[in-house]
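Subject: A structure for you to look at

Hi there,

Here is the structure I promised to pass on. Please open it and keep it beside you while you read my notes below.

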Amino acid sequence: MDSNALLIIVMIFITVALSIGSFVLAKKQRKNRASDISRQYTGRISRKKNIPLKEMYPYLIGYAANKLSTENKTNEMVYTPAGHLRDDIKTDIAEKRLEIQDFLTTYQPEFEKRLKVGRFVDASGKLPPENVNLAADELYNFYKESM
């Protein structure tokens, strides 16, 4: 066998192996992506007993903005083949985040009252770690109902 032919066969084998490895890695990244956002906060949250609600507003707003921007969209519409958020989705999330922040400047007392009525926060206005995502869903629902 010619040495050039052997070199070509080896190069084809390496290319196929790298392609398969890339596919498997991208699939693993897509699978773990859903828990990335909440993992950032729950790691920090779990060290405390109850968190002041004002400290959690950035997370609540981000959660609601992500949910609004990605609802009714497939994974292909949200993520690139490499598993990253598409630029238009990032822009939409940033816009929704600003809209929700503006919304909360007007309706924050009503939202906090809603959280107290739903028993998401305790009497002192602090949020237990197990209620963080429930409170974020409540903000999403409150925003959707008001719009």
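Let's begin in the loop between α3 and α4 (75–78), where you will find asparagine 72. This is a predicted model, so please read everything here as computed from that prediction. Is asparagine 72 buried or exposed? With a relative accessible area of 79%, asparagine 72 is exposed, because the cut-off for that word is over 50%. Its backbone deserves a look too: phi of asparagine 72 is near 60°, a positive value in a residue other than glycine. Most residues other than glycine have a negative phi.

Arginine 119 sits in the loop between α5 (87–117) and β2 (126–127). Arginine 119 is not a glycine, yet its phi is positive, at about 60°. The relative accessible area of arginine 119 is 71%, so this residue counts as exposed.

Now go back to helix α3, which covers residues 53–70 and includes serine 69. What is the relative accessibility of serine 69? The value is 1%, and because buried means under 20%, serine 69 counts as buried. A polar atom of the serine 69 side chain lies 2.9 Å from the backbone oxygen of alanine 65. Leaving aside residues up to four places away in sequence, serine 69 touches Ile89, Asp92, Ile93 and Lys96.

Helix α3 also packs with helix α6 (residues 132–146): their axes are 9 Å apart and the angle is about 55°. The crossing of α3 past α6 is right-handed. On the α3 side, the residues that meet α6 include Met56, Tyr59, Leu60 and Tyr63. Among their counterparts in α6 are Val132, Ala136, Leu139 and Tyr143.

Finally, here is the protein as a whole. How many helices and strands does it have? There are 6 helices and 2 strands, and from the N terminus on they run α-α-β-α-α-α-β-α. The protein has 147 residues, and 28% of them are buried. Its accessible surface comes to about 10000 Å², with 58% belonging to carbon and sulfur atoms. Of the contacts between residues at least 6 apart in sequence, 68% join residues at least 24 apart.

Happy exploring, and do write back with any questions!

Best wishes

Notes:
Residues are numbered from 1 along each chain as its sequence is written. This is a predicted model: local features need pLDDT of at least 70, side-chain atom pairs count only at pLDDT 80 or more; totals for chains, interfaces and linings use all residues. Side-chain values use heavy atoms; hydrogens and water are left out. Helices (H or I, at least four residues) and strands (E, at least two) are DSSP runs, numbered from the N terminus. Buried means under 20% relative accessible area, exposed over 50%, partly exposed in between (1.4 Å probe, protein chains only). A polar contact is a pair of N or O atoms within 3.5 Å; within protein, one must be able to donate a hydrogen and the other to accept it, and residues adjacent in sequence count only if both atoms are side-chain atoms. Contact means heavy atoms within 4.5 Å. Accessible areas come from the Shrake-Rupley method with a 1.4 Å probe; for residues, only the protein chains shown count as cover. Axes are lines fitted to C-alpha atoms, for helices over the stretch in contact, and angles run from 0 to 180 degrees between N-to-C directions. A crossing is left-handed if the near helix is turned anticlockwise from the far one by less than a right angle, and right-handed if clockwise.
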